[in-house]
Amino acid sequence: MPEYSAITPAEILPGQPVEPVLEKAKGNCEYLYGLIGGSQSNPPNGSFEVDTEGVLDNWTIETFDGGSHGIETSSPAHGAQALKFVHPGGAGNGGGWADSEYIECSSIMTMILYYIHWATAAGMYNRVVIRYYTAAKAYISDEALYGSTSNPTSPTLYCSQFTPPTNARYMVIRVVGGHSAQATGGTAYFDGLQLQPAVISYALKTVADTTGASGSLGNYDHVHIAMQDYCHAPNIYAEDEKLRLIGHSSSIADTTARIGFYNTAMITSYDYAVRWRYTTASDRPFVYAVRNSEGEIICLWACDDPPPGYWGLTKKPAGFVPPIGYRSGIPAGAEEIVLFDQNRDFVMELGEKAHKDKTLPYRVLSDTFEFDSEKKLFKSKNLLAV
Ligand SMILES: [Ca+2]
């Protein structure tokens, strides 16, 4: 198996034989070529940083009638060099275009191309095109990611998503500065081309919170519920239409998802529940429950991550706002319970049992578990019965 072999300083001293050094150099080139393969998954020299005596490496450049191209070094946007095309103006004239080397692609992999573009004259016709090829490098089709006669006149980052067509296994990125279809002259610039696979759903870590927040709300009372930052739109349950959705008054600037309920019924208490999915960094599950003066659980908030702003599981940080807040703080006579270090199985069990029994998680907690004040844990009432 070929491997890299360093050329030592002693081997290149004057008078040393040349042949062993050339052999090593040849072997190293072959080894490195094998590592990078015959083509790339990113545009080679995509930031136009490398040239051989003024000729850009890894790009094939053509010009329209009257057009010219060059390397911009006085005001590049990414690294020390950018690619530029000059359109002299006038019908039939143009700037030019540059084609990348072949880049591997797949019809089942959506990609994103990042590129920086600007022009001295907004009215030039500038383009960014993907040209698709088969595995045998037979041309299939073009897809324009960018094409404008209203271009930015200062460096602007673009981000275009595309999915190669059936049978596409290679692609070439083509940038066109000052297309001859437009008479407007000027200088068009391209810089900082980068490819990335698009984020797909299972590359994005999310949590479906099956326990969520639930509780019972007394007449003319209201509750505010905080969910998470990076929270998707929740599923909202209200037992009766007298339980109305309201906003909250805790913070205008906060981006944490929040929702509120107000019970307009004169006498009756009604149940509410909110469940949601959110993008997560995942920590230990967190449960927050409220008991009333009779010891009954009237409210539950459970989530795979701690509430926003709360990243310690052993003590409550200063300024921490509980995820559930009543109109007057905690209902009269109620005892606030903040539970730390509940295991994941306990939280999952609450959600699953509520789903199976077609009830709400707070009711499962209230009906089947009892809070052990010493251990700061809930334990099953059934165990006590045995
Ligand atoms: Ca550059």
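Strand β8 (residues 111-119) pairs with strand β13 (residues 186-197) in the antiparallel sense, over 8 bridges. Two strands count as paired if DSSP finds at least two bridges between them. Helices (H or I, at least four residues) and strands (E, at least two) are DSSP runs, numbered from the N terminus. The model is predicted: local features need pLDDT of at least 70, side-chain atom pairs count only at pLDDT 80 or more, and totals for chains, interfaces and linings use all residues. Residues are numbered from 1 along each chain as its sequence is written.

**The open sheet**

- Within the pair described above, Trp-118 has Tyr-189 in β13 as its bridge partner.
- β8 and β13 belong to an open sheet of 5 strands with antiparallel pairing, in the order β4-β5-β13-β8-β11.
- β4 (68-72) and β11 (156-162) stand at the edges with a single partner strand each, so one side of each has no neighbour in the sheet.
- On average, neighbouring strands of this sheet are turned by 30 degrees against each other, direction ignored; axes are lines fitted to C-alpha atoms, for helices over the stretch in contact, and angles run from 0 to 180 degrees between N-to-C directions.
- Strands of a sheet pair through backbone hydrogen bonds, either parallel or antiparallel.

- Strands β9 (residues 126-133) and β10 (residues 139-148) run antiparallel and are joined by 8 bridges.
- Tyr-133 stands opposite Tyr-139 in β10.
- The hairpin has 5 residues between its strands, and Lys-137 in the turn has a positive phi of about 65 degrees.

**Helix α3**

- In helix α3 (residues 361-368), 6 of the 8 residues are buried (20 or more other C-beta atoms within 10 Å of a residue's own; exposed is 12 or fewer, partly exposed in between; C-beta atoms are placed from the backbone).
- The buried residues are Pro-361, Tyr-362, Arg-363, Val-364, Leu-365 and Ser-366.
- Among the elements that cover them are β14 (206-217), β20 (286-291) and α2 (344-356).

**Nonpolar cores**

- A nonpolar core is a set of buried Ala, Val, Leu, Ile, Met, Phe, Trp, Tyr and Cys residues joined through C-beta atoms within 7 Å.
- The largest has 37 residues, and Ala-289, Leu-300, Ile-324 and Leu-365 have the most contacts inside it.
- β21 gives the largest share of this core, 7 residues.
- Ile-324 touches residues including Ala-213, Val-223 and Trp-301, not counting residues up to four places away in sequence; contact means C-beta atoms, placed from the backbone, within 7 Å.
- A second, separate core of 33 residues includes Trp-59, Met-124, Tyr-125 and Val-128.

Notes: Two residues are in contact if their C-beta atoms, placed from the backbone, lie within 7 Å.
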